[in-house]
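Have the 3D view open as you read.

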Amino acid sequence: MVAEKSSAKNISVTLRVWRQAGPAQPGKFVDYPAKDLNPNMSFLEMLDVINDGLEQKGEEPISFAHDCREGICGTCSLVINGKPHGPNKSIASCQTYMRSFSDGEVIVVEPFRAAPFPIVKDLVTDRSAFDKIQQAGGFISIRTGAACDANATPIPKEVADLAMDAAQCIGCGACVAACKNSSAMLFVSAKVSQLGLLPQGQPERDSRVLNMVATMDSLGFGNCTNQYECSAACPKAVSHDFIARMNRDYITASFRSAFRPKSAAAGDGA
Amino acid sequence: MAQLSSNIPSGPLADKWRKYKTEIKLVNPANKRKYKVIVVGAGLAGSSASATLAELGYQVETFVFHDSPRRAHSIAAQGGINAAKNYQNDGDSVYRLFYDTLKGGDYRAREANVHRLAEVSVNIIDQCVAQGVPFAREYGGLLANRSFGGAQVSRTFYARGQTGQQLLLGAYSALSKMVGQGGVKLHVNSEMLDLVVIDGVAKGIIVRDLVTGAITRHSADAVILATGGYGNVFNLSTYARGSNCTAIWRAYKRGACLANPCYTQIHPTCIPVSGDYQSKLTLMSESLRNDGRIWVPKKKEDCKKPPADIAEEDRDYYLERIYPSFGNLAPRDVASRAAKRMCDEGRGVGETGLGVYLDFAEAIERYGQQVANRNHLENPSKEKIRELGEAAVKERYGNLFDIYHEITNESAYKQPMRIYPAVHYTMGGLWVDYNLMSNVPGLFVLGEANFSDHGANRLGASALMQGLADGYFVVPYTIGNYLAGIKPGTRPTPDAPEFKAAEQHIRDFNNRLLNAKGKEPVNHFHKKLGKLMWDYCGMARTKEGLEKALVEIPKLREEFWANVNVPGSGETLNQALERAGRVADFIELGELMCRDALTREESCGGHFREEYQWPDGECKRDDEKFAHAAAWEFQGEGKTPLRNIEPLNYEFTKMSVRSYK
């Protein structure tokens, strides 16, 4: 593998990039040549170089969302050659390297496309819908300072590990962009599962899943039709099994909320 | 001259915080809702403070330049968070965590602040577990720990290699809950560009909406900055590309003192630089040093050989050799300088010669043997042991090995990682007293943005601890004490003349950038600044080099304003404009860092002056002259800033030569 790296030659590609000045303006593809690229350059570094050239000429650089550049903040959100986060599995756009492309290739770069993620400019979209879903129930209501000792409740390692598998979601939205229905169910189920698996999450388990799903629906995300494109595109390989888990939780919670006797004290705003 | 009173409570060290909490003024619940607090930043410190203050009943407005609070760079912290829980029964205590942190900081932090940090560390773990943070657990269901540099106990809690992510998402969930309940008004894509000070008191901020370009004024009874560190002054660092110094720098220009800006942490285990197009350096968590062994070839001529061809006796495990009692877990500054020394001797590895090996072969063998024994395998083959060992290492560090592979295209299971030090954290920051309030009343500073707890060097897994301590457990008390002294309802309106003047100042500043219409992109200047800073104010500093930088940086500043090209307008999303403003501030901050490094004529922690070292190359402090924090005060554009001093008094511990041998 080392030999492959040191012997690799620089490549040149053509970028076909979606440019759109604002949410209301029409967009179009524009070609940019990118020459003599070191294959160990990251895809975003390649965009930096193109942008430096544009700025030097006084032209507006290509807007793209990015921050940590190590695959954890969930900001980067490119569709590269038709795939959210590009050709490689289980990584974010920022972890895509030019060695994944061949000399002379035309690379098509687009924003995540989904109705609940309106385009802000060029390759940048508005994913605030995800925050709204979180605010509807993606938490355990514990006031600061009210916690008991951390080891008071042992949690089996397998349960903690499974919760961690779900908790890895970086909130990038690739699952939505990959889904023909623009479904956010992988994202929502990851949080519902993480908190629903843990003992601390039990008191609000029903209200959490009901509220998060209702908010998800109201924001225009579609439903799951079991194609699993979401987990295939997920940079953290979050499993679609969590969607099944959420569906079970949702059905149980719906029944319970329909038949549960209501306390006279509930809802008086105390 | 600024008044710098640390306001440390009197009494025995271990009683100070308890005593403080019983004596402070409180705000009654009906009055809390009359006060508005602005929080800038939504990393660990900002999110935890926002959520907690809103739970208490204050009106909170939180501003974050990211498109969501969950993007803040706390998310990228890998290894873990320290807490003096002593769950391992290995002799840990609040005092030991305090002592390790103080010593790790090379006796350049305040005793009282550090002790408070160690005290509340235990509450943080309780809080996070209650929020549903899925920390690593043992088979019995209890929390697991690992070791980090500068400590001889296992007190680090972790969630795989993504501890920062899980803690931030915990704080983000608390924040989201309060946003959903209306307790916090959240402004995303909103960058603070100025602090508004009225009659010497912080009363609000000026903000640019990064999407619409709108510049708005916001008033409050107190302002909290939790805007992170300024390591991107070096251009290449492990920081996120968006991390910047703008909020603290502009507060500095409004009168807040900036303390010890030269204290920067260079992390020993990062993936080496590979080319000049590079935008980012990637950390390999310090937790890897639990199991990885660091070495270079003994002989220069072996450096270009494949590592497998270098015999065991020809390898120099230099950390184990020089620091036998801490070995590969020597603190970051010590380990970084040792790596630099090896490379300076010509024994560095990799194409550039700027790299050392971090080798897991022994750990793979050891774990493989352990698993084989546990499973009662009789005479397992070497291959079988290797296979079992690789699986065990994968469970511990798999995601880090994956990241390494993505970036370098090399497998660290099969050959040692190549690592080299890189800029990772800044211990310096805005000066704050024991209340975490700056010398500008009403301006509080939390987390990496302040200078308070890590002295001249931060130990691993202590940044997460400090961010959450400040936000969850310190500022909610101290800000109440401050607000109790302000009459409710006296908050100025954002139409006050000071607000309008600050807004105009920002409009003019941005227009100047947009109208420069020079020939070079912003990155050109950022790269040049980064190189100057790395060469002259990096891992090793000299009087001569710093003086040179103090000539070169002002020239770069002039060149920037004359020749930068920022296309587009200020009325829409304009990422070039965002970067331009930040780089303009970095250039000025870089100059101040060099000035601070030049005047601190000693070596301590992350600040290494070549003139001041022991014969073995270790830091030589000068406690007579420099046992103080240097808090720089802005004196006006083009004027030399004033160096104020806060003496550090060590009442409870003895300042000693820091040894890890």
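In this predicted model, helix α13 (residues 497-516) of chain B packs against helix α16 (residues 575-599) of chain B at about 110 degrees, and their axes are 10 Å apart. Angles of 65 to 115 degrees count as roughly perpendicular, so that is the label for α13(B) and α16(B). The crossing of α13(B) past α16(B) is right-handed. If you want to find the spot, look for B:N510, B:L513 and B:L514 on α13(B), which meet B:L577, B:A580 and B:G581 on α16(B). Sorted by class, the residues of this contact come out as four nonpolar, two polar and no charged.

Now for another helix pair in chain B. Helix α3 (residues 44-56) of chain B and helix α12 (residues 463-483) of chain B have axes that come within 8 Å and cross at roughly 20 degrees. With the limit for roughly parallel set at angles under 35 degrees, α3(B) is therefore roughly parallel to α12(B). This crossing, too, is a right-handed one, with α3(B) passing α12(B). The α3(B) side of the contact includes B:L44, B:A45, B:G46, B:A49 and B:L53. Facing them, α12(B) brings in residues including B:L464, B:G467, B:L468, B:Y472 and B:V475.

| Helix pair | Crossing angle | Axis distance |
|---|---|---|
| α13(B) and α16(B) | about 110 degrees | 10 Å |
| α3(B) and α12(B) | roughly 20 degrees | within 8 Å |

On to the sheets. Chain B has an open sheet of three strands in the order β6-β7-β8, paired antiparallel. The edges are taken by β6 (190-198) and β8 (215-219) of chain B; each has a single partner strand, so one side of each has no neighbour in the sheet. From one strand to the next, the twist averages 25 degrees. Eight bridges hold β6(B) and strand β7 (residues 201-209) of chain B together in an antiparallel run. Within that pairing, B:I198 sits opposite B:V201 of β7(B). And what packs on this sheet, touching β6, β7 and β8 of chain B? That would be α13(B), whose direction makes about 140 degrees with that of β6(B).

A:V17 is placed opposite A:V109 in β5(A).

How do the domains sit? In chain A, the domain assignment gives domain 1 (10-121) and domain 2 (128-259), and their C-alpha centres lie 30 Å apart. Their contact involves 18 residues from domain 1 of chain A and 16 residues from domain 2 of chain A. The domain 1 side of that contact has eleven nonpolar, five polar and two charged residues.

For chain B, the assignment gives domain 1 (268-421) and domain 2 (510-628), with C-alpha centres 32 Å apart. Six residues of domain 1 of chain B touch six residues of domain 2 of chain B. Helix α9 (residues 332-344) of chain B supplies five residues of the domain 1 side, its largest share. That side is made up of one nonpolar, one polar and four charged residues.

Finally, the two chains meet: 70 residues of chain A are in contact with 69 residues of chain B. Elements of chain A that each supply at least two residues include α1 (2-7), α2 (43-56), β6 (119-121) and α6 (185-197). The largest share on the chain A side, seven residues, belongs to α2(A). By class, the chain A side has 30 nonpolar, 22 polar and 18 charged residues.

Conventions: Residues are numbered from 1 along each chain as its sequence is written. Chains are lettered from A and ligands numbered from 1 in the order in which they are written. This is a predicted model: local features need pLDDT of at least 70, side-chain atom pairs count only at pLDDT 80 or more; totals for chains, interfaces and linings use all residues. Domain bounds come from an automatic or database domain assignment. Two residues are in contact if their C-beta atoms, placed from the backbone, lie within 7 Å. Helices (H or I, at least four residues) and strands (E, at least two) are DSSP runs, numbered from the N terminus. Ala, Val, Leu, Ile, Met, Phe, Trp, Tyr, Cys and Pro count as nonpolar, Asp, Glu, Lys and Arg as charged, and the others, Gly among them, as polar. Two strands pair if DSSP finds at least two bridges between them. Axes are lines fitted to C-alpha atoms, for helices over the stretch in contact, and angles run from 0 to 180 degrees between N-to-C directions. Angles under 35 degrees count as roughly parallel, over 145 as roughly antiparallel, 65 to 115 as roughly perpendicular and the rest as oblique. A crossing is left-handed if the near helix is turned anticlockwise from the far one by less than a right angle, and right-handed if clockwise.
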